[in-house]
Amino acid sequence: MGSRVEVLNDGGFRSDGRRQYELRDMTVDLSQQGVADGSAVVTHGLTQVLVSVFGPREAKMRSQTMHDRANINVEVSVAAFSTGERRKRSRGDKRILEMAATIKSTFEPVVQTTLYPRSQIDIFVQVLQQDGGVLQACINATTLALVNAGIPLLDFVCAVTGGVLSTSPMLDLTLLEENDIPHLTVAVMPKTGKVTLVTMETRLHVDRFEEIFRLAGEAGKVIHAEMKAAVRERTGRLVGAMGSGPRPTGGDFEDDAMDGV
Amino acid sequence: MASVSTSKAEISYIQSGLLSNPPLRADGRALHDFRTINLETGVVPLANGSAHLSIGQNAHHGGNGTEVLSAAKLEVENVEQGEGIDGGRIICTVTCSPSAYPHLSSQALEDLQYDMTTILHETFAHMSLLPKNLGILPGKKSWTLYLDSVVLTDSGNTYDALFMAARAALWDCKVPRTRSVEYKAPTAAPGSKAAESGQMDVDLDVSVQKSGFDTMAISHAVDFELPDYWDEGEVLDGRERWPVCVTLNVAAQSTKGPVVPYLDAILQEEAATPLRLLLVLSFPPGSSPNLHSMRLLGPGELDLSQIRDFVTSGEKYAQKVWEGLNGKLKEEDLRRGQKARDRFARR
């Protein structure tokens, strides 16, 4: 393991064998976790995040309720074994608080909080494995958990990371790539193309920004297709189990309800 | 641990159910029946050993149940500089996910976490359980094993789950094989071989240049290397010593009346009968059982004779848990070893 690993080699392949614009393998698991109202486990390659949503429910802290809308409370916890080196982060760690605040501000305009005055929506994020794109995975998992909980949203929120290696833009970065090249995280609402989050902590030349920003927005739409398929499949199974509709394995059933989403 | 609120009527109902003849529980179990336990090892690829254990989780939709994820990670510590202990050490931590306790404030969550951490750490960090292969270079470097557990969901009987998951993660843990490295200055002796480079790999027991004054074989090894980067390593020593825990919940209507212990309480049962005795026992083959730890939790009191009876019956139950867990762990070893061998054969 002595030689330096190339981020993008001459053949156009990255360190894990992907192409420049290729996204990592994404899996979505919407099965119930404990007593949460909605939960989702999302993996992007080797990054795995579990999000549980409780609410809308009576607020634990009365002082934080608002008279006309619901309060969104986000708590992030990173498992000590999630990284290569073991690192125990306390709940009050600044990086973690910052991530929680970022997630909260991403979802405040998207969740229809005005429907639930004086209540609270709790979002608990548990990072199980980290290999780059943690914020991206947290946001995608939060969207799915909120959808799973039945909380009304204006649209899905799909996030993806992007980076630029000198002049070549790349999408969905692993930890190795994030440490090497300037990168940003973009979260979009795919129906309208509106962006609810752009965050970058490295230095990127302003000429390169436009291209990667646009690419990341389009990649968000690809992720949206994956998420929609997962939600659809789960809802189909639930509906079949309830006996309210035909079994999802039936071949002649056309469901139009989710077509416009 | 008031994780669920119960009314007086509910409490009385549960208690009389447990004390009746025959005993009645909400899910129809006998007093000494456990719910289904699911165990999978090797779930965290970045850790040296890991296990995911759940008690009472529905196999189909993965619903309620007590879920614990445990991972053992080895880090090198420099004994010379004061960190770590010569011979290695174990540090346990428990984190309670807020989604497992949705109605506890963060302060109460921290307190609960601390209680669980203390019980686990005091038991596993004891010198009698220290594995023999945690040292690397005597007096210089050693492994510190961090055993981190996360309680993902809680539906009763968390302590049993924590100990079982911790034991499974330690069973699964592999310690990387190391080789000591000694640095030698180039020899200036005339007529010797051509000047050697500044460093050389030497196995600890073989000394290439013996000085006439070298009456003591002092180890000059100052660093170590991994001879095979991809090798997972050898199994952590002490598998027969790691204990299991049984929680004997005490169902009693009053301090004078009959006292009946039962196992594997769900949340409502725990709220109705808060007094419980934790027994941590191990059954090393070829010797008598060892009691590692004992805790009486909750409000209430027990006579010494009752505690004696509980310890005796607790030993029987713990033995069954021990055998069941060992059987499953061996099966997991086989499953993962088998797949690896198949993959190797197919490559």
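## B:Arg179 and its partner

B:Arg179 comes out as partly exposed, at 32% relative accessibility (buried is under 20% relative accessible area, exposed over 50%, partly exposed in between, with a 1.4 Å probe and protein chains only). B:Arg179 makes a salt bridge with B:Glu225, and their closest N and O atoms sit 2.4 Å apart (that is, a side-chain nitrogen of Lys or Arg within 4 Å of a carboxyl oxygen of Asp or Glu). B:Glu225 is partly exposed too, at 24%.

B:Glu225 belongs to strand β10 (residues 223–225) and B:Arg179 to strand β8 (residues 179–183) of chain B, so the bridge ties together parts 46 residues apart in sequence. Helices (H or I, at least four residues) and strands (E, at least two) are DSSP runs, numbered from the N terminus.

## About the model

The model is predicted: local features need pLDDT of at least 70 and side-chain atom pairs 80 or more, while totals for chains, interfaces and linings use all residues. Residues count from 1 along each chain as written, chains are lettered from A and ligands numbered from 1 in written order, and side-chain values use heavy atoms, without hydrogens and water.

## Chain A pairs

A:Asp131 bridges to A:Arg24 at 3.9 Å between the closest N and O atoms. A:Asp131 is in the loop between β5 (119–129) and α2 (134–149), A:Arg24 in the segment before β1 (26–29), 107 residues away. Both A:Asp131 and A:Arg24 are buried.

A:Glu201, by contrast, is exposed at 54%. A:Glu201 pairs with A:Arg95 at 3.4 Å, and A:Arg95 is partly exposed at 47%.

## The wider count

A:Arg14, A:Asp16, A:Arg18 and A:Glu177 join up in a salt-bridge network. Over all chains, the search turns up 29 salt bridges.
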